[in-house]
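I opened this notebook to keep track of what I looked up, going from the contact between domains to the pairing of charged side chains.

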Amino acid sequence: MATSFTLNGKPVTIEADPEMPLLWVVRETLGMTGTKFGCGIAACGACTMHVDGVATRTCVLPVADVEGLEVKTIEGVGTAQTPSAVQRAWLTHQVPQCGYCQSGMIMAAEALLDETPDPTNEDIDAAMTNICRCGTYNRVRDAIRTAATLRREG
Ligand code: FES
Ligand code: FES
């Protein structure tokens with residue numbers, strides 16, 4: 001069955017089992033591997049993408065559910081030449097260790113700052129429920145505060 005949606009600003013139509021999780025469609029069918037698979041049960045956040053601007057765990061999201069919606073992956077956030085404020089802050093604070101969880105972390109942080117441009121520590125803790133086996137949590141919090149400032153400065 002065909003499903004059509006927008007991926008990083010471009011329309012896509014794919015033939016896939018409507019129950020196939022969006023994560024697999026993006027990684028396997030569309031070949032965009034920036035988003036990672038961690039737990040497969042919506043617990044770790046490694047697979048986070050934006051669906052209509054909302055940070056969403058795509059390992060349990062049937063692709064049919066994004067029909068007509070806007071999906072954004074880490075590939076749509078910034079490039080090495082033009083990183084987003086969040087990505088610049090991630091570099092400043094040297095957040096990634098092994099890096100495996102980090103595209104999901106960044107997508108969650110981008111969605112938080114889109115919704116709450118000047119988050120409190122409580123806002124950050126409430127939004128950032130992603131799991132990191134390397135324990136980057138303190139650096140993630142520091143980087144989000146820096147990114148909030150960078151965004152305000154434009
Ligand atoms: S892989 Fe989706 S939440 Fe862990
Ligand atoms: S940086 Fe290694 S899992 Fe988070």
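**Entry 1: the domain interface.** I looked up how much area domain 1 and domain 2 bury between them, and the value is about 1100 Å², with 58% of it on carbon and sulfur atoms. Buried area here is the accessible area (1.4 Å probe) that two parts lose on being put together, summed over both. I noted that the model is predicted, that local features need pLDDT of at least 70 and side-chain atom pairs pLDDT 80 or more, while totals for chains, interfaces and linings use all residues. I also noted that residues are numbered from 1 along each chain as its sequence is written, that chains are lettered from A and ligands numbered from 1 in the order in which they are written, and that side-chain values use heavy atoms, leaving out hydrogens and water.

**Entry 2: the two sides.** The chain is divided into domain 1 (2-75) and domain 2 (85-153), with bounds that come from an automatic or database domain assignment. I found that 17 residues from domain 1 and 13 residues from domain 2 take part in the contact, where contact means heavy atoms within 4.5 Å. The C-alpha centres of the two domains lie 21 Å apart.

Entry 3: How many salt bridges did I find between domain 1 and domain 2? The count there is zero, taking a salt bridge as a side-chain nitrogen of Lys or Arg within 4 Å of a carboxyl oxygen of Asp or Glu. By this rule the count comes to five salt bridges.

Entry 4: Arg152 lies in helix H5 (residues 137-153) and Asp118 in the loop between helix H3 (102-115) and helix H4 (121-127), 34 residues apart; helices (H or I, at least four residues) are DSSP runs, numbered from the N terminus. Both Arg152 and Asp118 are exposed, on a scale where buried means under 20% relative accessible area, exposed over 50%, and partly exposed in between (1.4 Å probe, protein chains only).

I then turned to Arg141, which forms a salt bridge with Asp125 at 2.6 Å between the closest N and O atoms. Arg141 is partly exposed at 27% relative accessible area, and Asp125 is partly exposed at 40%.

**Entry 5: a network.** Finally, I noted that Glu110, Asp114 and Arg151 are linked in a network of salt bridges.

Conventions: Helices (H or I, at least four residues) and strands (E, at least two) are DSSP runs, numbered from the N terminus.
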